[in-house]
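Here's a quick briefing to read alongside the model. Have the sequence and the 3D view open as you go.

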Amino acid sequence: MSRFLLIGIVLLILYFFVRKWIKKHENQMPQIDSDEMFECDVCGTYVSEREMIAAHGKHYCSQECFKARQ
């Protein structure tokens with residue numbers, strides 16, 4: 001009986017250490033917090049910074065606009 005209690009305590013401690021480690025590394029991921037909107041240089045549609053395609057100092061809303069940039 002005491003063996004099961006000891007195993008349970010060890011598993012509980014491991015659970016808390018693993019959970020803490022995951023939260024620590026989760027916060028280290030780079031995230032874009034900006035909701036700034038950019039105008040597509042081809043069609044004029046506004047798109048968020050997360051969704052835009054930036055190349056050569058210009059902003060594009062989609063792959064189609066990026067390909068039609070000429």
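This is a predicted model: local features need pLDDT of at least 70, side-chain atom pairs count only at pLDDT 80 or more; totals for chains, interfaces and linings use all residues.

Residues are numbered from 1 along each chain as its sequence is written, and side-chain values use heavy atoms, with hydrogens and water left out.

**Overall layout**

- The protein has two helices and four strands, where helices (H or I, at least four residues) and strands (E, at least two) are DSSP runs numbered from the N terminus.
- Going along the sequence, the order is α-β-β-β-β-α.
- Of the 70 residues in the protein, 13% are buried; buried means under 20% relative accessible area, exposed over 50%, and partly exposed in between (1.4 Å probe, protein chains only).
- Among contacts between residues at least 6 apart in sequence, 6% join residues at least 24 apart, a contact being heavy atoms within 4.5 Å.
- The accessible surface comes to about 6400 Å², and carbon and sulfur atoms account for 60% of that; areas come from the Shrake-Rupley method with a 1.4 Å probe, and for residues only the protein chains shown count as cover.

**Nonpolar patch**

- L6, I7, V10, L11 and L14 make a nonpolar surface patch of about 460 Å².
- Patch residues have over 30% relative accessible area and no salt bridge, with like charges joined within 9 Å and nonpolar side chains (Val, Leu, Ile, Met, Phe, Trp, Tyr) within 5 Å; a salt bridge is a side-chain nitrogen of Lys or Arg within 4 Å of a carboxyl oxygen of Asp or Glu.
- L6 sits in helix 1 (residues 2–26) and is exposed, at 52% relative accessible area.

- Most residues other than glycine have a negative phi.
- H56 isn't a glycine, yet has a positive phi of about 55°.
- You'll find H56 in the loop between strand 3 (53–55) and strand 4 (58–60), where H56 is exposed at 70% relative accessibility.

**Aromatic pairs**

- The whole structure has two aromatic pairs.
- Y15 and F16 pair edge-to-face, at 5.4 Å centre to centre with 70° between the planes.
- Y60 and F66 have ring centres 5.4 Å apart and planes at 75°, so this pair is edge-to-face as well.
- Rings of Phe, Tyr and Trp (its six-membered ring) pair if their centres lie within 6.5 Å; planes under 30 degrees apart count as stacked, over 60 as edge-to-face and the rest as tilted.
- Y15 is partly exposed at 45% relative accessibility, and F16 is partly exposed at 44%, whereas Y60 is buried at 3% relative accessible area.
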